[in-house]
Each structure stands twice: as structure tokens, then as C-alpha cells.
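Have the model open beside you as you read.

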Amino acid sequence: MKRTLIYFDNAATTPVFPEVAELMFQLVSGNYGNPSSIHEIGRRAKVELEAARRQIARLLHVQPGEIYFTSGGTEANNALLWGCCKSLKRKRFITTKLEHPSVIQTLESLREFMGCSIEFVLVNEQGAPDLDHLESLLFDGAPAVVSLMHANNEIGNLLPVEKVGELCKKYGALFHSDTVQTIGKMAIDIDRSPFDFAVVSAHKFHGPKGAGAMFVRSGKGIGPFVSGGSQERNMRAGTENLAGIVGMAKALELSYVDMDITEGRIKKIRDFLLEALPAEIPGLRFNGNPMGQAIYTILNVSLPAGMDADMLLPRLDLAGVCVSTGSACSSGSNKPSHVLSALGIDQKTPNLRLSFSRNNTLEEAERLVEVLKEMYKK
Ligand code: PLP
């Protein structure tokens, strides 16, 4: 018999909406055309591809021409940051030590291969960027690219986007934001936002893995980033992942249905844990700023001493609870989290990232508290 699992690792990936899976199956089996072919079968595929682009653009409040499909968030971050350097000739990048590896490591490559500089904005112990420091960096040098993520994938902090945007505007900086953890969870009007570049990853909002997109504000055009074909208006060569792209558009559409109600339900789960966890496990602390500017889908906790940090995940797994420690990408590798390290958080005691979706229930949260409590009793 299959045992029932509790899945609190939705910042790593989310279960695919059944409607999305069904639609993708229909496409894979029924619409096999190559969107670049000019015959009827190819044209049918092209129609689906462009309808998906329009749908995504409509939901994000951007122009279809500002959306380019990619294989996900990692590729989009790489393409955008390389594009800022190669096409837009920016050599100065300002970021924080809390960014996703697809940003930090791309910037390190730009420094190594293109002679770019990376400057890190200071953050406080809760992970909020010091905006005075950002301003002093912007004031001091050549026009930069500011790359600051919208919601942190480990601790959930939300960026004060408008304030950062004002500073970018004042000093002529381009504003790239890794929006992977917010798109599909918050209704963002990207056109009215100060973002020049933003990023979509379908599997974070119940879409398929291997499908994503990037937003490039019109007038901030970057050049081709994969060569060898004319797909994506010459920007990204290669036959499109049609089923993935159409699945992504459908998942985004479904994420917008009752988004407020879903948010309210998830917030109840999160609020319950915010209260119950420290009450039941003395010494437990929350990382980041969960009571302040934070996305409702992520909670990061440091557990008290008394449990071997390496044993926590396997023991929770044994109890049927799926969570992660550290970042999604390094989970399983037992590497300390670079985000918690940057915040000076001791990682000798175990930490957990709990991340939620519309599929979670309050009963699951209660069960998690019970399981952790039992573990600490033992
Ligand atoms: N950026 C953030 C903030 C993420 O959380 C992730 C995924 O964990 C990514 C980028 C990478 O996205 P993808 O898995 O689509 O490559």
C-alpha cells in the first residue's frame, strides 16, 4: 500500500495540476508538429505556442514580444545576466550573498570570463538589504545591473521592489529580479513594476519541469543567447518544448484562479506553524523575517540542539514528511546553506525549510508539529 506523504517542499517543486498534465498529454500525443514547419501540422503547433505566449503575457501584464521561453529559471537568469554584459555592455553587477546559485554563479562566471565586477549589498541579520548601502554603491561608479531576487527561496524574504526600483532609476541601473518564487503566487503587474528583467519557472506553480520564460522589457533588448536557429525571434535557437510551454501557460492561468483564497488558506497553515512550532519545541527560531515582508509560501526554522543535523531529514522522511534543509538545489547534499551562512546563522543545529502550496492542509501542519515534538522527546 502506498503510504500518505506530507509534502512541505513546494519551493523546490510543486505537484503538477491534473488539468495541466491532461493538456500536456493531449499535446504530446496529438500535436506533434514543429512550430517552425510551414505546413498545416507545424502551423497548428505554432498557434499553440503563440497562444501560450499571449496568455502568459496577459497574466503578467506585459507584451507578448517581451516574453522569451526558456528551459526554466536557471537558464533565464543565465541568459539575462550574460545579455546585460554582452549586449548592453554593463560590466558592474550589484547583488547580495542571498541570491540563488543561478545568479551568483553566473555573476562569478561574468567576473572570470568578461572582467565584470560584483559588489554585494549588505543585508541585516534578517536578510533585508541595506538600501543606504545600495544607494552608496550606485552613486559611486559606472551604471550597474542590480540583481536582487523578489522572494528568497530559502527564507522567503520579499524585496522592497518599489524602493529598489526608485534607486535603480535614479542612478541609471538596470533592474534584474529573480521572480521564480513569486510568479504564480502573487499577481504581479510587471509592466508597472520597476523590473527590466524577470524570470518564470513553471514547476514552481504546478506546471511542468523544464519550462520557463524570461521577461525582457522592450527597449532593453539583449542579443541571442543560444545560436543555431531562428526560434524565439532569433534569441534562443532550438525546437521549442511545446507541451511544456503550453502546460506552463495553463498552470499560470490556474494559479490566478482564486489566488487570494489560496493565499488565505496557505497563510492559515503558516500562521499555525508560526505559533505552534515555538510553543511545542522550546528554543526553535525562525530565520528571515516571517512576521514582516515575506512570501506566504516559505518558512525557515532553526531547531534547537538535541538532534543530529544530518539525521533530521532522514528521520522526517521515515515519518513520511518531505521537507528540505538548505536550498533546493543543494538539498540532499548536506551542504550548509549559503543563505543562512551569509546571515551568520549557526548550522550545527538542524534547520528546515518548510514550503507550502494549495495542496497542503492544516492537518498536515499539525502532524508535522507532532512528529517534530516526538523526535525531540526521544
Ligand atoms: N531561482 C530561484 C529563486 C529558485 O528557487 C529556483 C529553483 O529552485 C531557480 C531560480 C531555478 O529555477 P529552475 O528550477 O526552473 O531552473
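Two strands count as paired here if DSSP finds at least two bridges between them. Strands S7 (residues 197-201) and S8 (residues 212-216) are joined by five bridges and run antiparallel. Within this pair, serine 201 stands opposite glycine 212 of S8. Please keep in mind that this is a predicted model.

Now step back to the whole sheet. Seven strands form an open sheet in the order S2-S8-S7-S6-S5-S3-S4, and their pairing is mixed. Strands S2 (67-70) and S4 (117-120) stand at the edges with a single partner strand each, so one side of each has no neighbour in the sheet. From one strand to the next, the twist averages 20°.

Helix H2 (residues 40-60) lies across S2 and S7, at about 120° to S2. Helix H6 (residues 161-170) lies across strand S5 (145-147) and strand S6 (174-177), and runs at about 150° to S6.

Which residues come nearest to the ligand? Of the 13 around it, they are Gly73, Thr74, Asp178, Ser201 and Lys204. The shell divides into two nonpolar, nine polar and two charged residues.

| Side chain | Distance to a ligand oxygen atom |
|---|---|
| Glutamine 181 | 2.8 Å |
| Histidine 203 | 2.8 Å |
| Lysine 204 | 2.7 Å |

On its own the ligand has 390 Å² of accessible area, and the protein covers 89% of that.

Technical notes:
Residues numbered from 1 in each chain as written. Predicted model: local features only at pLDDT ≥ 70, side-chain atom pairs only at ≥ 80, totals over all residues. Heavy atoms only, no water. Helix = DSSP H or I, 4+ residues; strand = E, 2+ residues; numbered from the N terminus. Axes fitted to C-alpha atoms, helices over the stretch in contact; angles between N-to-C directions. Contact = heavy atoms within 4.5 Å. Near = heavy atom within 4 Å. Polar contact = N/O pair within 3.5 Å; in protein donor to acceptor, adjacent residues only side chain to side chain. Areas by Shrake-Rupley, 256 points an atom, 1.4 Å probe, with all protein chains shown as cover. Nonpolar A, V, L, I, M, F, W, Y, C, P; charged D, E, K, R; others polar.
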